[in-house]
Amino acid sequence: MKCIRIITVVVFACIIVLPVVFFNFTPNVASSIDNRMLTEFPLTDGAAGSDLTAELESYVNDRIGFRDEMIIGYTVLNDRLFGKMVHPSYSYGKDGYVFGAGITTAKNAYSEFHEAFADMVLSIQNYCEARGVPFLFVFNPAKPAVLTEYLPDGVRYDRSWVDRFFDALDARGVRYVDNTQTLRTKTEEGEVVYNQKYDANHWNDLGAYYGTNAILEELQRDFPSVHVNGTADLNMDYELKTSLPVSEFPIHEMVPAFTLKSAVDLAAGELYKNELEMHPSYQTFGYYVNQEADMAGAPRLLSFQGSYMNVFGCKFMANGVREYIHVHDYQNILEFPYYYNIFQPDCVVFEVAEYTFNNEYFNYEKMLQLDMNPVLSSVTGEGRPRQDAKLDRNQISVESGAQLTKISWNTDANCEYAWLLLEREYDMRKTDAGYEVTVLTDDWNLHREKLQIAAADAANVTIYQ
């Protein structure tokens, strides 16, 4: 009996002490269970929030030893015994369907944010159309919007704000594709465009196939050479998934796993990654070149997109156009001219998922401040006379990389807009030291002898040469 007591004490002591012994002090670490950064010690660098007790509690809860193991054990136990999903990233719907934990209860009432977003989309469309480049906005629905009947009892998925947002786009004359009805129709026809369990927040390969075809069909109106994918383009297979993404929660589900039969070269994307400016939290970039001979007349597409397209849609889009350049949208779209100037696309797509309409992904204040250059000819046509001036070459500084070159005009001139003129026109952006623009190094090397700068103020346009 005494031996049993000793063993019991030792076991309980280990349960209490070992999580403390294995406390995770490592800074800047992400959790593989709930796909987020763990809380940092609140007194680091002497900084602390208004509620130090709550911050310390969050820090201990996140860093305690065996946290991930305890979470997965607790989650599996609840699933097996009570059929309940208690995972921090997921929740159960009806018939075993899995949804994102926050999506089923998310409230996104229509607000000034959505009005500002619609204004931003219109501004980008106007920017593209002024340069003769077709623009398309794409809206991809969240899983609950298509599989509403599988949401838990008592959950009302209110997306009335979506209708108001489309009304705002219609009022502004924005061209868009809404894939909600595309995916609902396919679901009603018996197609499985969202998995039952695996990946609670995105469409699957079949959904991406239908959704990207809707995009390509719309682009085909501008470029008949755009290729809309068919089943003959794909190897359509299925693969077994045994756990939910970024989780060890066990499942057993066969999900679509499509591959292209044709060869698409991704190597170009690697050439730019080290030189391209991107938001530190949103770094996904790709550059696909379609090697098919019959794509010679197809367009070069610049796409700003989120995880729906980054993870699943890329291969289908790459098979439809000659060149497919994609940038992680979110905060990067607010620097739209930077990317446009570099890649000079034939058409532009801006894709957004339903649940990303918030300040974390698209900064509200920056949307309000978005001010992109008009084309130079439109400014001179507004009654501003043109005058010539000598360019001080000492004011020009150049930073050349293997792929990209930054040209800076270091001036205290107070301009409304400024442009770099080489073989083509590039928009310069305001900096503390003057104005700057980034172009392809090849373009700079070929045309730098033709360098001119145009600057517009309220009275006139000056061409420095």
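Me: Which residue lies over the face of Tyr127, and at what distance from the ring centre?
Reply: The model is predicted. A charge counts as sitting over a ring if CZ of Arg is within 6 Å of the ring centre and within 35 degrees of the ring normal. The residue over the face of Tyr127 is Arg131, at 3.6 Å.

Me: Are the planes of Phe285 and Phe343 stacked or edge-to-face?
Reply: The two ring centres lie 5.8 Å apart. Planes under 30 degrees apart count as stacked. The angle between the planes of Phe285 and Phe343 is 25 degrees, and the pair is stacked.

Me: How many residues apart in sequence are the parts that Phe285 and Phe343 tie together?
Reply: Both Phe285 and Phe343 are buried. Phe285 belongs to strand E10 (residues 285-290) and Phe343 to helix H11 (residues 336-343), so their pairing links parts whose separation in sequence is 58 residues.

Me: Are the rings of Tyr338 and Tyr339 stacked or edge-to-face?
Reply: Tyr338 is buried at 7% relative accessible area, and Tyr339 is buried at 1%. Planes over 60 degrees apart count as edge-to-face. The centres of Tyr338 and Tyr339 are 4.9 Å apart with the planes at 85 degrees, so the pair is edge-to-face.

Me: Which strands are the edge strands of the open sheet of 8 strands?
Reply: The order is E14-E21-E20-E17-E18-E19-E16-E15, with mixed pairing. The strands that pair on one side only are E14 (386-389) and E15 (396-400).

Conventions:
Residues are numbered from 1 along each chain as its sequence is written. This is a predicted model: local features need pLDDT of at least 70, side-chain atom pairs count only at pLDDT 80 or more; totals for chains, interfaces and linings use all residues. Side-chain values use heavy atoms; hydrogens and water are left out. Two strands pair if DSSP finds at least two bridges between them. Helices (H or I, at least four residues) and strands (E, at least two) are DSSP runs, numbered from the N terminus. Rings of Phe, Tyr and Trp (its six-membered ring) pair if their centres lie within 6.5 Å; planes under 30 degrees apart count as stacked, over 60 as edge-to-face and the rest as tilted. Buried means under 20% relative accessible area, exposed over 50%, partly exposed in between (1.4 Å probe, protein chains only).
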